[in-house]
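Me: Got a model to go through with you. Can you take my questions as they come?

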Amino acid sequence: RGTPARNKRGELCLVPATVELLAPCMRLLPKEHFGLKDPDLRYRARHVDLMCNPEVREVFVKRAAILRSLRSFLDARGFVEVETPVLSREASGAAARPFQTHHNALKSDLFL
């Protein structure tokens, strides 16, 4: 149930009058009082941390704004962003023992 309307792009859409939840939440979010305190869990479940901790979300929003601004500044001056691979076919870097993994789809060993 709803009324037809046009969105910002001018496309025809439907503005709902009511919304019905079709699926239950299988995993509840941590309670607001206790929060998400375990640092290991906070890094592994970053999406939950962002939903539960407004301070963490604010840091990510500010970081995204800084990166957006920096990219537009450099883009306006003709710089090109180049992505470099993190995993490589050859071990390189410091004297520490490199992390090695196997990429099944490429059927090759890669190093970090």
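Predicted model: local features only at pLDDT ≥ 70, side-chain atom pairs only at ≥ 80, totals over all residues.

Me: Which residues line the largest pocket?
Reply: Leu 67, Leu 70, Arg 71, Leu 74, Asp 75, Phe 79, Val 80 and Glu 81. Lining means an atom within 4 Å of a pocket point; a pocket is an open set on a 1 Å grid where a 1.4 Å probe fits, with protein on both sides within 12 Å along at least five of seven lines.

Me: Where does Phe 79 lie?
Reply: In the loop between α3 (54-76) and β3 (100-103). Helices are DSSP runs of H or I, at least four residues; strands are runs of E, at least two.

Me: Is Phe 79 buried or exposed?
Reply: Exposed, at 52% relative accessibility. The cut-offs are under 20% for buried and over 50% for exposed, with partly exposed in between (1.4 Å probe, protein chains only).

Me: Switching to charges. What does Glu 81 meet in a salt bridge?
Reply: Arg 71, at 3.0 Å, N to O. The pair links distant parts of the chain, 10 residues apart: Glu 81 in the loop, Arg 71 in helix α3. A salt bridge here is a Lys or Arg side-chain nitrogen within 4 Å of an Asp or Glu carboxyl oxygen.

Me: And how many salt bridges in the count?
Reply: Four.

Conventions. Residues numbered from 1 in each chain as written. Heavy atoms only, no water.
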